[in-house]
Amino acid sequence: MKYIVGYPIAENEFFLNTIVQNKESISEVYFSWGDIPNGRSMLETNQCATPFALQQRQLKDLKRLSDEGLRFNLLFNANCYGKDSQSRAFFNKIGNLTDYVRNELGLSSVTTSSLLIAKFIKENFEGIDVRASVNMEIGSIEGMSYVSNFFDSFYVKRELNRNLPMLSKLRQWCDANGKQLYLLANSGCLNNCSAHIFHDNLVAHEAEISAMDNGYQFKGICWDFLSDSNNFYKWLQRTNFIRPEDIALYDHITPAVKLATRVNSAPVRVLNAYIEKRYRGSVMELLEPNHSGIFYPQYIDNSNFRKDFATHVMNCDKQCDKCDFCAEVMKHACIKLADDPSAKV
């Protein structure tokens with residue numbers, strides 16, 4: 001299995017070194033550019049340096065990776081582009097950037113949640129794989145077929161990560177229609193989140209929002225849900241991440257899985273865990289978002305999972321309201337930080 005890793009928003013030369021050292025295991029490096037909205041906080045909003053200095057640093061880093069032979073995926077995956085969504089000026093900007101990155105660094109693919117951007121790239125940039133963002137939440141053959149003229153490949157919705165029968169059906173359809181399938185391995189998002197679209201829209205407009213005198217802040221409903229003690233043991237059942245130990249089970253489904261590393265506090269830890277296919281410690285530390293703070297002083301030790309966890313949940317009947325398998329696995333893996341670090345909850 002190979003990995004698609006995100007260029008970190010915060011400066012991290014150690015992570016770049018790790019990418020280079022493991023480049024044979026890296027399919028692509030994905031990144032956003034400048035002030036163009038994307039699926040995460042923009043580069044300029046997370047640093048103390050000037051936008052120009054940040055862009056120079058990014059170009060230098062990506063050039064280094066390019067010289068090492070790594071391939072790139074450019075993100076246009078914001079959930080909304082507002083007034084620019086259909087403007088000629090915006091597509092001129094997108095075209096100039098795509099052309100620049102392709103000529104300066106090399107560009108193998110573009111990931112977008114906009115059908116119009118997908119159409120624009122396909123019509124103007126031959127040879128670039130146009131990929132449907134996981135933010136589109138495509139999870140069915142119908143969903144892929146509706147937009148098959150726009151996309152060459154698809155990130156499948158997170159909730160299907162533990163549904164082998166459905167993944168196999170999507171794989172068969174892709175094979176029959178000349179498409180490719182990818183997964184996001186380490187999302188910490190809750191399944192079927194009712195606020196996902198709302199939250200993604202806020203992220204897309206964060207530059208405008210941050211300039212306003214705001215009456216409310218929103219960080220996601222997952223924090224409130226998981227902070228309720230009644231929901232503690234629902235966490236594992238309500239998430240969709242793939243453990244590093246279980247990656248090999250997906251070799252026949254996808255050639256590469258995406259790792260969320262752009263805003264993770266320790267992206268080296270994430271990448272090494274998946275390359276080594278094992279991790280000892282809090283599994284939440286591998287995920288984005290990371291909900292460890294809610295559970296402290298308890299944590300879910302990844303090494304304490306049942307060996308058959310993945311094979312079970314990938315093939316179960318998904319009648320979660322009638323089953324306590326995930327809750328029992330979580331109870332077994334849960335450790336409370338105390339004088340005895342192995343003390344069980």
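## Exercises on a predicted model

**Exercise 1.** Is Cys189 buried or exposed?

*Solution.* Cys189 has a relative accessibility of 14%. Buried means under 20%. Cys189 therefore counts as buried. Keep in mind that the model is predicted.

**Exercise 2.** How many disulfides does the whole structure hold? Then look at Cys189 and find which cysteine sulfur is nearest.

*Solution.* Start with the search of the whole structure: it finds 0 disulfides. Now take Cys189. Its nearest cysteine sulfur belongs to Cys222, 6.6 Å away. A disulfide needs two cysteine sulfur atoms within 2.5 Å. Cys189 is in no disulfide.

Next, take Cys320. The nearest cysteine sulfur is that of Cys316, at 6.0 Å. Cys320 is in no disulfide either. With a relative accessible area of 33%, Cys320 is partly exposed.

**Exercise 3.** How many helices and strands are in the protein, and what radius of gyration does the protein have?

*Solution.* Count the elements: 14 helices and 10 strands. The radius of gyration is 20 Å. For 345 residues, the globule rule gives 20 Å. The two values are close, so the protein is as compact as a globular protein of that length. The C-alpha trace spans about 55 × 50 × 45 Å along its principal axes.

**Exercise 4.** What share of the 345 residues is buried, and how far apart are the centres of the positive and negative side chains?

*Solution.* Buried residues make up 51% of the 345. For charge, count 38 positive and 40 negative side chains. The centres of these two sets lie 3 Å apart.

Technical notes. Residues are numbered from 1 along each chain as its sequence is written. This is a predicted model: local features need pLDDT of at least 70, side-chain atom pairs count only at pLDDT 80 or more; totals for chains, interfaces and linings use all residues. Side-chain values use heavy atoms; hydrogens and water are left out. Helices (H or I, at least four residues) and strands (E, at least two) are DSSP runs, numbered from the N terminus. The radius of gyration is taken over C-alpha atoms; the globule rule is 2.2 Å times the number of residues to the power 0.38. Buried means under 20% relative accessible area, exposed over 50%, partly exposed in between (1.4 Å probe, protein chains only). Lys and Arg count as positive and Asp and Glu as negative; His and the chain ends are not counted. The place of a charge is taken as NZ of Lys, CZ of Arg, CG of Asp or CD of Glu.
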